[in-house]
Protein chains: 2
Amino acid sequence: MHIFWVPNHADHITQGEIKDGILRAPFEHPGRIDGALGAMKAAGLPRPLEAPEVGIEPILAVHDVGYIGFLNEAWPRWRAEGRTGDIVPLVWPGRGMRHDTRPLTIDGKIGHYCFDAGTPICRDSWDISYASAQCAVAAADRAAAGEHAFAMTRPPGHHAMRAGYGGYCFVNNAAVAAERMIAEGCERVAVLDVDYHHGNGTQSIFYERADVLVVNIHADPIEEYPYYLGHSDEQGDGKGFGANVNLPLAKGSGWGTYRHALDTAISTIRSFEADALVVSFGADTYEDDPLGTFTLGTNHIGMIADAIAGLRLPSAIILEGGYATDALGDNIAAFLTPFA
Amino acid sequence: MHIFWVPNHADHITQGEIKDGILRAPFEHPGRIDGALGAMKAAGLPRPLEAPEVGIEPILAVHDVGYIGFLNEAWPRWRAEGRTGDIVPLVWPGRGMRHDTRPLTIDGKIGHYCFDAGTPICRDSWDISYASAQCAVAAADRAAAGEHAFAMTRPPGHHAMRAGYGGYCFVNNAAVAAERMIAEGCERVAVLDVDYHHGNGTQSIFYERADVLVVNIHADPIEEYPYYLGHSDEQGDGKGFGANVNLPLAKGSGWGTYRHALDTAISTIRSFEADALVVSFGADTYEDDPLGTFTLGTNHIGMIADAIAGLRLPSAIILEGGYATDALGDNIAAFLTPFA
């Protein structure tokens, strides 16, 4: 088990986020990572290491180059116009409006790429997202070599689309990892997303791919974020048809319901005969998570990991959500222990 | 000249709007209307009257019934969930996400319909929007009878789509007026939008219609709100092809440039041989408008009206934007005088 992290991840810190109509302190904050290190050490997990920098190519393998250019230039352009706060969207292309225009000004570009009012961009968002993706690459490289690894990424990634950001996510670390495994010689890769929220970005990026299976277990988007993707009738398209599986669960679901979906996910992945696995691990299925409604305990989170480890596939585990900061270290440790 | 208004329009007042990344006092506020009444009276214009209530049908003639149901129920649902602030969106269907889902929960519904972070819904937004639309109907009825009328509507309407809101707009008053004229026997109606911003909603609602010509003169959306509609290549679709004309102008344009576009608009409308005219009048082309960049003076706004009045078409003039509150009354008076 190798663990990779970004030592200066705390440079990505937003002033606040819009939720329930008010501007409030962000749920996705540096304390999530920093507060988890103690419990991870106590559980005997290896010390997190900085990932080697391999550059932008693994990011561009799954993201639009114009989008990545936007992330890179957004903050200086925003500041050059005299804006003092974080970058938040003003307007976006709603139903009946055009997605094919290329606005010249910063507000127009923001709305072109953003799908969420609660994901501000601050000064170092791009740098930290880039560094987090390097962790995902490092974990993928370990998995492609037959080992397990954990990318302790922050900000998370699974909501980031090929050309769009939201849900605290800018670069899709899980997609970067899966594509990297393919580049490193894996013929078939499975992605299992056990975050409370649907991984709309990961699904979308691989939606027409037959060599990457994407399986999600998540709160039903008919009543939960991200609403507009993650429904059970989304099964992939073209040669990717059948290689996308959504297992939405009702809000408030507990272990009995969850385990049933997990069994389905595991058998689906086993049938796919993958060479390696990417796990999008969110701890927001935990009973006290402020953004979740499931009722899983830390013991159940360990049992999810037991089932996944039972696949005996080299696994790159990528951290997604988990906002019950006090319990995050224990939940991470419970999840990683079966792989360690 | 008849003038209609909503005496209790001030009940629609939002706590603030997101602009430039910060929550600030709204530009679209009750003082716009209340501050204009004095200058209008001094100019000898008739006293504004309350419009007769004719019901929901003229609104449903141009808006989706599910959308209107949402506007009607949004506030009580939001409050029932314990939310204390105005209604603002959290997430919306970005590029690659689905527009055909029907979220069950309020945040999902908001993102389904909203395309703008600066258009909060407050307790009375629907009631006042409904009442404003009644003013538009009353003005349309006067125009269908061969007279001129002014609907002093607030909130404005031209950004509202058939099933979407933003740009301070919930119900498209200009579209309601144009459709009402058709219902009242006009065979061909022209809509001329001279607000600083493109009237994306009006364009969209009539985009496939041959009996309603829509002409917009506005700041080029490649660099100005609403960005994702209002480009010169949007010419209508199907039997409506050719009946949509966009005349985008560079930011900072002055009267010389504006007059040229106005000449084109006037001759386009003349060729269409309309029975009656709807004018979406925004005073945010004014040189001191905080949301505009054009350099027109009050005298130029009067000259726009002179040119339009020269068409000698019965006209329903609908108030859209105009955020230089101190000058709005003079600008309205300058615009209405050629019709009075």
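Colleague: Why is Arg123(B) called exposed?

Modeller: Its relative accessible area is 57%. Exposed means over 50%, buried under 20%, and partly exposed in between, with a 1.4 Å probe and protein chains only. At 57%, Arg123(B) therefore counts as exposed. This is a predicted model: local features need pLDDT of at least 70, side-chain atom pairs pLDDT 80 or more, while totals for chains, interfaces and linings use all residues, and side-chain values use heavy atoms, without hydrogens and water. Residues are numbered from 1 along each chain as its sequence is written, with chains lettered from A and ligands numbered from 1 in the order written.

Colleague: What makes Arg123(B) and Asp124(B) a salt bridge?

Modeller: The N to O distance between their side chains is 2.8 Å. A salt bridge needs a side-chain nitrogen of Lys or Arg within 4 Å of a carboxyl oxygen of Asp or Glu, so this pair qualifies. Asp124(B) is buried, at 10% relative accessible area.

Colleague: Which class does Asp211(A) fall into, buried or partly exposed?

Modeller: Partly exposed, because its relative accessibility is 21%. Asp211(A) also forms a salt bridge with Arg209(A), at 2.7 Å from N to O.

Colleague: What joins Glu28(B) and Arg32(B)?

Modeller: A salt bridge between their side chains, 2.7 Å from N to O. Both Glu28(B) and Arg32(B) are buried.

Colleague: How many salt bridges does the structure hold over all chains?

Modeller: The total is 28. Between chain B and chain A the count is four. Take Arg98(A) and Glu234(B): their side chains meet at 2.6 Å, N to O.

Colleague: How do you know how much area chain B and chain A bury between them?

Modeller: Buried area is the accessible area (1.4 Å probe) that two parts lose on being put together, summed over both. Here that comes to about 4600 Å², with 62% of it on carbon and sulfur atoms. Trp92(B), Arg95(B) and Tyr228(B) supply 21% of the area that chain B buries against chain A, more than any other three residues.

Colleague: Which residues count towards the contact, and how many come from each chain?

Modeller: Contact means heavy atoms within 4.5 Å. The contact takes 51 residues from chain B and 52 residues from chain A.

Colleague: How many residue pairs are in polar contact between chain B and chain A?

Modeller: There are 25, with both residues at pLDDT 80 or more. A polar contact is a pair of N or O atoms within 3.5 Å; within protein, one must be able to donate a hydrogen and the other to accept it, and residues adjacent in sequence count only if both atoms are side-chain atoms. Helix 5 (106–113) and helix 8 (200–205) of chain B are the elements that give two or more residues to the side of chain B that touches chain A. Helix 5 gives the largest share, five residues. Helices here are DSSP runs (H or I, at least four residues), numbered from the N terminus.

Colleague: What makes Asp107(B) buried?

Modeller: Its relative accessible area is 8%, so it falls under the 20% limit. Asp107(B) sits in helix 5 of chain B. Leaving aside residues up to four places away in sequence, Asp107(B) touches Tyr227(A), Tyr228(A), Trp78(B), Arg83(B) and Leu90(B). With Arg83(B), the side chain of Asp107(B) makes a polar contact of 2.7 Å.

Colleague: Why is helix 7 of chain B called largely enclosed?

Modeller: Because 10 of its 11 residues (173–183) are buried. Among them are Asn173(B), Glu179(B) and Arg180(B). At the start of helix 7, a side-chain oxygen of Asn172(B) reaches to within 3.3 Å of the backbone nitrogen of Ala174(B). Just after helix 7, Gly185(B) takes a positive phi of about 115°.

Colleague: How many residues of helix 5 of chain A are buried?

Modeller: Eight of eight, across residues 106–113. Helix 4 (65–80) of chain A is included in what covers them.
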